[in-house]
Amino acid sequence: EDFYIRLVTKVLSEDKFEKLKDEFDAKDTENAFKTAHDLKGVLGNLALTPLFVPVSELTELLRGGGEVSDDKGYLDEIFNQLEKFRALL
């Protein structure tokens, strides 16, 4: 349990979430996809489903040729869930 909590704490404190937001602000679809894809894998492995779902949906949108401007609120949901998780730490 301690090891899992340490992993979750590390992931939630990483700057990849902020990097994703910066890539969106810069309209950098290619790097936003890469960052979202990285986060999707980590969040899925840790079973952080409330974060995994919007990151996964965003990843698939960008993989399918979507642009960062097609966000559909995924980024807002990601940061909403991130804030909830961080408040638990």
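The model is predicted. Helix 2 packs against helix 5 and against helix 3, and the axes of helix 4 and helix 5 also come within 9 Å. The largest nonpolar core has 23 residues.

**Helix 2 and helix 5**

- Two packed helices are described by the angle between their axes and the distance between the axes.
- Helix 2 covers residues 16-25 and helix 5 covers residues 74-88; their axes are 11 Å apart, at an angle of about 160 degrees.
- Angles over 145 degrees count as roughly antiparallel, and helix 2 and helix 5 are therefore roughly antiparallel to each other.
- The crossing of these two helices is left-handed.
- On the helix 2 side the contact uses Phe17, Glu18, Leu20, Lys21 and Phe24, and on the helix 5 side Leu75, Ile78, Phe79, Leu82 and Arg86.
- Sorted by class, this contact of helix 2 with helix 5 holds seven nonpolar and three charged residues, with no polar ones.

**Helix 2 and helix 3**

- Helix 2 and helix 3 cross in a left-handed way.
- Helix 2 brings Lys16, Phe17, Lys19, Leu20, Glu23 and Phe24 to the contact, while helix 3 brings Asn31, Ala32, Thr35, Ala36, Asp38, Leu39 and Leu43.
- In the contact of helix 2 with helix 3, seven residues are nonpolar, two are polar and four are charged.

**Helix 4 and helix 5**

- Helix 4 and helix 5 cross at roughly 155 degrees, and their axes come within 9 Å.
- That angle makes helix 4 roughly antiparallel to helix 5.
- The crossing of helix 4 and helix 5 is left-handed.
- From helix 4 the contact takes Pro50, Leu51, Pro54, Val55, Glu57, Leu58 and Leu61; from helix 5 it takes Tyr74, Glu77, Ile78, Gln81, Leu82 and Phe85.
- The contact of helix 4 with helix 5 has 10 nonpolar residues, one polar residue and two charged residues.

**The nonpolar core**

- Within the largest nonpolar core, the residues with the most contacts are Leu20, Phe24, Leu43, Leu51 and Leu58.
- Helix 1 (2-13), helix 2, helix 3 (29-45), helix 4 (49-63) and helix 5 each give two or more residues to this core.
- Leu51 touches Leu12, Phe17, Leu43, Ile78, Gln81, Leu82 and Phe85, leaving aside residues up to four places away in sequence.

**Buried residues**

- Ile78 is in helix 5.
- Ile78 counts as buried because its relative accessibility is 0%, and buried means under 20%.
- Not counting residues up to four places away in sequence, Ile78 touches Phe17, Leu20, Leu51, Pro54, Val55 and Leu58.
- Ile78 and Glu23 are 55 residues apart along the chain, and their C-alpha atoms are separated by 14 Å.
- Thr59, in helix 4, also has 0% relative accessibility and therefore counts as buried.
- With residues up to four places away in sequence left out, Thr59 touches Phe33, Ala36, His37 and Lys40.

**Exposed residues**

- Asp76 is in helix 5.
- Asp76 has a relative accessible area of 61% and is therefore exposed, since exposed means over 50%.
- The C-alpha atoms of Asp76 and Lys21 are separated by 9.6 Å, although the two residues are 55 residues apart along the chain.

- Most residues other than glycine have a negative phi.
- Lys27 is not a glycine, yet its phi is positive, at about 55 degrees.
- Lys27 lies in the loop between helix 2 and helix 3, and this lysine is exposed, with a relative accessible area of 61%.
- Lys72, also a residue other than glycine, has a positive phi near 60 degrees.
- Lys72 is in the loop between helix 4 and helix 5, and at 66% relative accessibility Lys72 counts as exposed.

Notes. Residues numbered from 1 in each chain as written. Predicted model: local features only at pLDDT ≥ 70, side-chain atom pairs only at ≥ 80, totals over all residues. Heavy atoms only, no water. Axes fitted to C-alpha atoms, helices over the stretch in contact; angles between N-to-C directions. Helix = DSSP H or I, 4+ residues; strand = E, 2+ residues; numbered from the N terminus. Parallel < 35°, antiparallel > 145°, perpendicular 65-115°, else oblique. Left-handed = near helix turned anticlockwise from the far one by under 90°. Contact = heavy atoms within 4.5 Å. Nonpolar A, V, L, I, M, F, W, Y, C, P; charged D, E, K, R; others polar. Buried < 20%, exposed > 50% of the residue type's maximum accessible area, 1.4 Å probe, protein only. Core = buried A, V, L, I, M, F, W, Y, C linked by side-chain atoms within 4.5 Å.
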